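User: I have a new structure to go through. Can you walk me through it?
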Amino acid sequence: MRTGEEYLQKLYQMKPNVIINGENVKRDDPRLRAVAGVMAQTLDKVKDPEFQNLLEVESKEFGTINRFTNIHQSVDDLLKKQELTRKLCRQTGGCVFRCMGIDAMNALSIITYRAEAMTRRPYNQRFLKYLKYWQENNIIGSCAQTDVKGNRALRPHEQADPDLYLRVIEHRDDGIVVRGAKNHITAAAVAEEIIVLPTRMLTPQEDAYSVAFAVPGDWDGVKLVTRASSHKREHFSCPFGDVGDVENFIIFDDVFIPNERVFLGGYEDEHAFGGWAALLFALYHRHSYTGCKPASSEIILGFSALVSEYSGIEDKKHVQSKLADLISVSELVYAAGIAAAHTATKDDSGTMIPDAVFCNVGRKHAGKNYYHELEILADLSGGLPATLPHEADFYDQEIGPLLQKYIKRKEDVPSEDVYKLYRALSDMLCSSIGGVVAVAGLHGGGSPQMEDVAILKGYDLDLRKKIAKYLAGISE
Ligand SMILES: Cc1cc2nc3c(=O)[nH]c(=O)nc-3n(C[C@H](O)[C@H](O)[C@H](O)COP(=O)(O)OP(=O)(O)OC[C@H]3O[C@@H](n4cnc5c(N)ncnc54)[C@H](O)[C@@H]3O)c2cc1C
């Protein structure tokens, strides 16, 4: 299978359409390295016995493929993706960055099948060809779903500027021309392919917004305005020091998409498919969250327990209760993902669809608790994450030994370990990436309100009312 190094070499040769802080940069820019490194790990981990069984999937057509290019065919596929995501996120200290691409591909496997059956346009045939390219080459993808959306109270066709949701502006014999922008697109600057999907349900006046396609990240007319963050260490390196993030504001400046890459073309009467594509991507993505969020919670839990141990308070009652709170979030979210896989249904296309209620309650529980989890960590850490002296002072010949004396907590814990721990806590609680991760914990995969909508849509409330009536002795 393709190696991480092979992916990086291809990435470095892409055209420089990435803009960071006013500068057009190549993709070997050091600010992109952390996230590109995680992508590379997802390729190289197949050699690691702990990951091999999770990462490798046997495909009828191509032999062994990487799970991040797999279309889920069974309950076991969904369970393994969830377990793989959790385990990889423990290693990366944050996001695994590959779920967006494969979640979009799973949604498209269903939508193109339905759209082809109903419109007679060869969307599924094109998708299957494109999937072959993905699986054979172990493609690293991202998903651009979220439109910039303008006035939130107005629908796409009601906006003062119709381009505030991405749309088709021209149909040609050989393809379509699209215009618009997508924001918050994670990892697009280090992805080989960007998959574009609609963001919401659409009405009959909005067929032109029902557009789905894939482009190479450096395709003509695609501009990636990128925000990159990283934790930089001066004196000691550690896995947490390599954590980074890359977010992208992508502008599609009248971009031509050839037919073979168009999976929904914004033709008359296609609006419904756009809405379903939006919902399905969100559903797969929320299932992925039931893998990554338990890992984020575990990381917060580990740091909470360790700082309590170093400070000598680990066995105190309030600390134990807070640690139990963290375990409950992590394991309930994971359990929701397992339940969603076990109650999944098989679509006519052959793709497994996880249960919407379990996925959404899991994602909602994770999102609702993220700031609460950080509050526990901040509570148990005290104020030092915010006031920690700089590394250069801690290791300074003159002042360093004094800082090392006074930073001491439990006698048997070396001062340097206390410093290292607080440096990581500072990164989690007080850094730019820490802030990004927290907002992602809340809004990534959709705002909390969107999960409520999905939960209520898929739930039988009438049945519960009947139970209430029966118990209260109210006749039907
Ligand atoms: C770090 C990060 C990474 C992300 N990665 C990706 C990615 O890779 N790909 C991708 O496609 N997306 C990604 N997202 C986008 C994410 O899905 C969106 O942030 C989320 O859907 C919210 O959209 P928004 O940011 O436009 O906020 P808004 O939609 O503006 O939400 C703000 C508030 O307005 C409310 N609101 C909005 N519209 C209405 C309305 N009509 N009526 C009532 N209330 C309303 C919301 O409920 C919320 O309370 C990412 C987001 C973050 C933060």
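Analyst: One term to begin with: two strands count as paired if DSSP finds at least two bridges between them. Also, this is a predicted model.

User: Ok. How many bridges join strand E8 to strand E9?
Analyst: Four bridges join E8 (residues 193–196) to E9 (residues 211–216), and the two strands run antiparallel. Isoleucine 195 stands opposite alanine 214 in E9.

User: Which strands form the open sheet, and in what order?
Analyst: The order is E5-E8-E9-E12, four strands with mixed pairing. From one strand to the next, the twist averages 20°.

User: And which strands stand at the edges?
Analyst: Strand E5 (141–144) and strand E12 (262–265). Each has a single partner strand, so one side of each is left without a neighbour in the sheet.

User: What lies across E9 and E12?
Analyst: Helix H6, residues 123–137, lies across them and runs at about 155° to E12.

User: Switching to the largest nonpolar core. Which residues touch the most other members?
Analyst: Val35, Ala107, Val190, Leu197, Ile250, Ala277 and Phe281, out of 126 residues in that core. Helix H7 (residues 271–311) gives the largest share, 16 residues.

User: Where does this core lie relative to domain 1 and domain 2?
Analyst: Domain 1 (4–272) and domain 2 (278–472) both give residues to the core, so it lies between them.

User: Back to valine 35. What does it touch?
Analyst: Leaving out residues up to four places away in sequence, valine 35 touches Phe97, Ala187, Val190, Gly244, Asp245 and Val246. Val190 is also on the list of core residues that touch the most other members.

Methods:
Residues are numbered from 1 along each chain as its sequence is written. This is a predicted model: local features need pLDDT of at least 70, side-chain atom pairs count only at pLDDT 80 or more; totals for chains, interfaces and linings use all residues. A nonpolar core is a set of buried Ala, Val, Leu, Ile, Met, Phe, Trp, Tyr and Cys residues joined through C-beta atoms within 7 Å. A residue is buried if 20 or more other C-beta atoms lie within 10 Å of its own, exposed if 12 or fewer, and partly exposed in between; C-beta atoms are placed from the backbone. Domain bounds come from an automatic or database domain assignment. Two residues are in contact if their C-beta atoms, placed from the backbone, lie within 7 Å. Axes are lines fitted to C-alpha atoms, for helices over the stretch in contact, and angles run from 0 to 180 degrees between N-to-C directions.
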